Amino acid sequence: MTTAVPSAGSFEPAAQSPSDSADSSAGGPAKTGRTAPNRPRRDRHSLLRWMFVLPALLYMTLFFGYPLVRNIVMSFQRYTPTTYFTGEAPFTGLDNWRAVFSNELFADSLWHTAVFTVGSLVGQFTIGLALAVFFSRRFRLSGVIRAVLLLPWLVPMVVSAVVWRRVLDQDHGILNSALQAVGLADGGVPWLSSPSVALLSAIMVNIWIGIPFNMVILYGGLQEIPRQLYEAAALDGASPWRAFRSVTLPLLRPVITVVLVLGFMSTVKILDLILALTSGGPADSTQTLGTVTYQLSFLQLDFGQGAVVGNVLIVISAVFAVLYLRANRADFGTGK
Amino acid sequence: MKRPSSLRGAWNTTAALLILGFLLFPVYWMLNTALQPDTSITATEWFPTSLSLSNFDAAVSSQGRSLLTSLVVALGAVVVCLALAAPAAYGLAQFGLRGGRSIVFTTLITQMVPGIVIANALYSAYAELGLVNSYLGLILADASLGLPFSIVLLRAFMVSIPGEVVEAALVDGANRFTAFTRIVLPMSRNALITAGLFTFLFAWSDFMFALTLNTTDDVKPITLGIYQFVGAHVSDWGAVMATAVLSAVPAAILLVLAQKYIAAGISGGSIK
């Protein structure tokens, strides 16, 4: 995955301090020349300097690099509970891959993942953007309310899911009680117990969780847009909607890309929300790539097949990682 | 003159409060259910008219240990993460190391590796190393949730530290390491708090590693605790919701006490 995009050039995370333009790693030689005028001393120091970075590097190799490689290798092995006793994981070629790709659940989960991800992103983003625009107005308590709105994003996802399970309960849930009270749903909607509704409910909950993140980043982006542009647009007789389309959206584009790509990365692999909300059910209607990986590896204890689905997830993430990096680069190019 | 705008301001505030009430309703419902006794028998009231803390008694007695476990694991993860991230970020920000840029680049990429993939491979490695069902194993795994973020965030801050400040210390006889701990770390206090805060939140919220790297109840963080609790006692919603309230407490406290760091963290680093 890392080798897929060898030269990042000068990309940086989007919402970063402007001080980065004074990045010292770009002007390395000039700087070190000042501290170490004579060459031998500099070489000795160079090793010393690496000592600062090496522990983190070693850790990342063990906790990110190793799993990536191991996962690829495992996907070609028969890796089952017996492996833990015998220590043997025989190579079986493409057996795991064939088994996974011919498994109907895999195709279903791929589709669910796509629907879940796109649905969540559209909801989170539009509501997040609307709130960001709304809170850009200046009024009393704006800052405090904006801060409190962050709470759903800070609470552990499992906990949110458990609370929503209570809210969405078909017989005792408050949502159905409220709907019945206003006469909108007679028998109560089977939010989590009907295969045709459960995925939609999961999307709804995930939208709720993701709104704060979208709002905060987009709000930050909106603050960067110079006020004068809106004044100029107003002078030209542009309606607020026209100003939004012609000023806000184009200038917000780099931030929008980053928000969407980051949202995608966190949504496509989601596991805890769905496990705690529906456990993938009813009738596998909420199984996604994340839950199928978990199920294959840790419930059916077929780590080889779990690794296959995991690799599919990696490939999907890698594609969007490249998009993310390109977006950051474009952002950096604008001199921000 | 002032009237129209203040009227509009009041209207905006009202609208904002309505949005808040609407979006935070599930949080209210969690608190409301937790404060009502006997929620299993009767329907939950809209307001907790007869306040009772009995649910919290039940929550603490069955999940108290898990809360403690979460605290230990999350604090451990913060220590490991900052101990690794702070020097690395400083090295990457100030030393002009050859290949430094590709390291920063790789760091960003690692944030995109799906956690379940890491868990999948880590479990087999942990099984061989005897790290399954251990505090150390979970702390080390949870530290990975905050490390890339912390490196990126701290580095972004540390590039703005003038090299002259450190050089002055070096001239005064300090070595690189003492200059780092005495000068750079205190100067980076706010960034360190932000990174530590988020690592704590990530580790406290972690469910995947808790679920996959533990096969017994020896090391059971609260996220795993509430997951099992709701599976086994789904009729006792009052106690489940009280547990949910307790497990949301760190987020609520941090939101109140460290609001500016939270906001800075969300927009300052590219968070998962």
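Author: A salt bridge is a side-chain nitrogen of Lys or Arg within 4 Å of a carboxyl oxygen of Asp or Glu. The structure shown here is a predicted model, and three salt bridges are found over all its chains.

Reader: What makes the contact of Lys220(B) with Asp217(B) a salt bridge?

Author: The closest N and O atoms of Lys220(B) and Asp217(B) are 3.9 Å apart. The cut-off is within 4 Å, and therefore the pair counts as a salt bridge.

Reader: Why is Lys220(B) called buried, and what is Asp217(B) called?

Author: Buried means under 20% relative accessible area. Lys220(B) has 17% relative accessibility, so Lys220(B) counts as buried. Asp217(B), at 44%, counts as partly exposed, because that term covers values between the 20% and 50% limits.

Reader: How do you know that Glu128(B) and Arg70(A) form a salt bridge, and why is the pair said to join two chains?

Author: Their side chains meet at 3.4 Å, N to O, and the cut-off is within 4 Å. Glu128(B) belongs to helix 5 of chain B, whereas Arg70(A) belongs to helix 2 (residues 39–74) of chain A, so the pair joins two chains.

Reader: Are Glu128(B) and Arg70(A) buried or exposed?

Author: Glu128(B) has 59% relative accessibility and counts as exposed, because exposed means over 50%. Arg70(A), at 16%, counts as buried, because its value is under 20%.

Reader: What makes Asp95(A) and Arg98(A) a salt bridge, and where do these residues lie?

Author: The N to O distance of Asp95(A) and Arg98(A) is 3.3 Å, and the pair therefore meets the cut-off of within 4 Å. Both residues lie in helix 4 (residues 95–101) of chain A, three residues apart, about one turn of the helix. Asp95(A) is partly exposed at 38% relative accessibility, and Arg98(A) is exposed at 54%.

Reader: Why is Ala283(A) called exposed, and what is its phi?

Author: The relative accessible area of Ala283(A) is 69%; exposed means over 50%, so the term applies. Phi of Ala283(A) is near 55°, a positive value in a residue other than glycine. Ala283(A) is placed in the loop between helix 13 and helix 14 of chain A. Pro282(A) lies in the loop between helix 13 (272–277) and helix 14 (289–299) of chain A, and a cis peptide bond with omega of about -10° joins Gly281(A) and Pro282(A).

Reader: Which residues make the nonpolar surface patch of about 400 Å², and what makes Val249(B) partly exposed?

Author: The patch is made by Val249(B), Ile253(B), Val256(B) and Leu257(B). Val249(B) has its place in helix 12 (residues 237–257) of chain B. At 33% relative accessibility, Val249(B) counts as partly exposed, because the value lies between 20% and 50%.

Reader: What is the volume of the second largest pocket, and how does its lining divide by class?

Author: The second largest pocket has a volume of about 520 Å³. Of its 18 lining residues, the closest to the centre are Trp164(A), Leu175(A), Phe22(B), Phe25(B) and Pro26(B). By class, the lining has 17 nonpolar residues, one polar and no charged. Trp, Leu, Phe and Pro count as nonpolar, and therefore the five residues closest to the centre belong to that class.

Methods. Residues numbered from 1 in each chain as written. Chains lettered and ligands numbered in written order. Predicted model: local features only at pLDDT ≥ 70, side-chain atom pairs only at ≥ 80, totals over all residues. Heavy atoms only, no water. 1 Å grid on protein atoms, 1.4 Å probe; cavity = no way out; pocket = protein on both sides within 12 Å on 5 of 7 lines; lining within 4 Å. Points joined across faces, edges and corners; volume = space filled by probe spheres on them. Patch = residues over 30% accessible without salt bridge, like charges linked within 9 Å, V, L, I, M, F, W, Y side chains within 5 Å. Areas by Shrake-Rupley, 256 points an atom, 1.4 Å probe, with all protein chains shown as cover. Helix = DSSP H or I, 4+ residues; strand = E, 2+ residues; numbered from the N terminus. Buried < 20%, exposed > 50% of the residue type's maximum accessible area, 1.4 Å probe, protein only.
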